[in-house]
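Look over the sequence and the structure first, then read the points below.

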Amino acid sequence: MITLECASLKGFLDCASLAVSKGRVCAILTETEFEKNLLLRIFTGLTRLDSGKIFIFGKEVSFFSYSELNAARKKMGIVLNNGGLISNLKVWENIMLPLSYHSSLSHHDMDEKMISILGKIGYDDDIAVLPGPLPAYKKRLAGFARAMLMEPDLVIYDSVFEGLSPDIRSKVLETITAFQRQKEGRASLFLDMDEGLLDYIRADSAYTLKKGKFYERN
Amino acid sequence: MKTKRITENILDTILYLSGLFNIILNAFKNLPSLRISPVRTVFFRQIYFAGIETLGKMVIIGLLIGIVIISQITSLIGVGRGELIGKILIWVVIRELGPLFAAIVVIARSVTAISAELGSMNAQGEIASIEMMGIDPERYLIMPRIIALTLSAVMLTFYFELAAILGGIIVTSLFWGIPFEQHTTGILTSLTIPELSASLVKSLLFGLVISAVSCSQGLKVSGSITKIPQATTKATMQSLFFVFIFDGMITLIFFL
């Protein structure tokens, strides 16, 4: 799904290689938030490498046209730590944004899909409000619902468990696991700075980013 | 050293202007995206904010300006020359004040709003988040703002001019007893294609340049939200500057 081949970016990556395969759960631990965010930007094609190659869904990013890159991003669901919601759109508009932008479903079908997903993830707050005053966890949940609606092949979770109580964390984990199994070949990639992540997720492969290289963990 | 700095400044200005031109060009290229529902929503919201919400105030300003202009003209040239009064009213309002006032109102209301909104979205990573969803910000954020602000400027100009002319005619008819027909003759003979085209071209160009400047300044904000006030100030001042430059240029082209 995502492959880095001897990827280098000045001051950040130094001939680093990594592969996130179809149907797998992968975790990458970074030392700083800056590294984690930059990694996310590289995986989504927002930041280009100085040298080396990055393949997204089997195609090298530098060969993508802008519309092809957007088509690839459509197949990725990104659940950001802060939710990544647009502050001038209401929560429901945020959740529906990628679906209503990319799909040709009727409003009724989209509404039904959203309501079903919100039920699954246990989002029971008012969705007709602006996201600003919501707690970070709720924003993250709304971001997760937004990603789920697109039925992505790859989901990138950006520190999604940060600041959650063990109870809520296990609920979120359950939802993530169920979502992962819902579609054959769907991969999950967890980006985090917390070493404890590996205690509660079952990753098929885990890496630590140190001094510009990925080190596989046992 | 001084020459080098001047050259750099000129190059920066050329680059900036070509950037503005690109924003406008891409907005037209991306027009078909108005078929996409969320893009249309952004477009209608901008039309509502920049155009419809401002309409009432614009009409009142227009009426008052019309009254002021006609009072001044009448006191200058006397009461018995309704045809000439109508002519001057058309020249002043349609050629100059209509597009200019509409542009100033749009600048006061929408330039700050758009540059601050886009600046805050950029600084808080919302634009990156939009891109991560496979949505082109130029289509979703920029194009609807450019087109909506331009259409709003044209619409506000039209209503301003209508209100100013009507206000002027009503006041002179009521207070100075100049027959209504005298005005209409003056107005209809002066309302020629060049007058109307100059007004339309000005308002279109003002709308395009104002929206492009506000989007460009908003998108330049990165890293910290403390840069937003600088961006809004720059956007306002640059918009005013461009509006006056284009106003002079178009007047010269059409009427010299």
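The S-S bond of A:Cys6 and A:Cys15 has a torsion of about -115°, so this disulfide is left-handed. A disulfide here is a pair of cysteine sulfur atoms within 2.5 Å. The model is predicted: local features need pLDDT of at least 70, side-chain atom pairs count only at pLDDT 80 or more, and totals for chains, interfaces and linings use all residues. Residues are numbered from 1 along each chain as its sequence is written, chains are lettered from A and ligands numbered from 1 in the order in which they are written, and side-chain values use heavy atoms, with hydrogens and water left out.

**Cysteines**

- The count is 1 disulfide over all chains.
- In the bond between A:Cys6 and A:Cys15, the S to S distance is 1.8 Å.
- A:Cys6 is partly exposed, at 33% relative accessible area. Buried means under 20%, exposed over 50%, and partly exposed in between (1.4 Å probe, protein chains only).
- A:Cys15 is partly exposed, with a relative accessibility of 33%.
- A:Cys26 is in no disulfide; its nearest cysteine sulfur belongs to A:Cys15 and is 18 Å away.
- A:Cys26 is buried, at 1% relative accessible area.
- In chain B, B:Cys215 is buried, at 0%.

**Salt bridges in chain A**

- Over all chains, the count is 15 salt bridges. Each has a side-chain nitrogen of Lys or Arg within 4 Å of a carboxyl oxygen of Asp or Glu.
- A:Arg217 and A:Glu195 form one, at 2.7 Å from N to O.
- A:Arg217 lies in the segment after β10 (213-216) and A:Glu195 in the loop between β8 (187-192) and α7 (197-200), so the pair ties together parts of chain A that are 22 residues apart in sequence. Helices (H or I, at least four residues) and strands (E, at least two) are DSSP runs, numbered from the N terminus.
- A:Arg217 is partly exposed at 28%, and A:Glu195 is partly exposed at 45%.
- A:Lys59 pairs with A:Glu68 in a salt bridge, their closest N and O atoms 3.2 Å apart.
- A:Lys59 is partly exposed at 30%, and A:Glu68 is partly exposed at 33%.

**A salt bridge in chain B**

- B:Lys202 forms a salt bridge with B:Glu96; the closest N and O atoms are 2.9 Å apart.
- This pair links distant parts of chain B: B:Lys202 is in helix α7 (residues 193-220) and B:Glu96 in helix α3 (residues 82-123), 106 residues apart.
- B:Lys202 is buried at 0% relative accessibility, while B:Glu96 is partly exposed at 23%.

**A network**

- A:Asp124, A:Asp125 and A:Lys138 are joined into one network by salt bridges that share partners.
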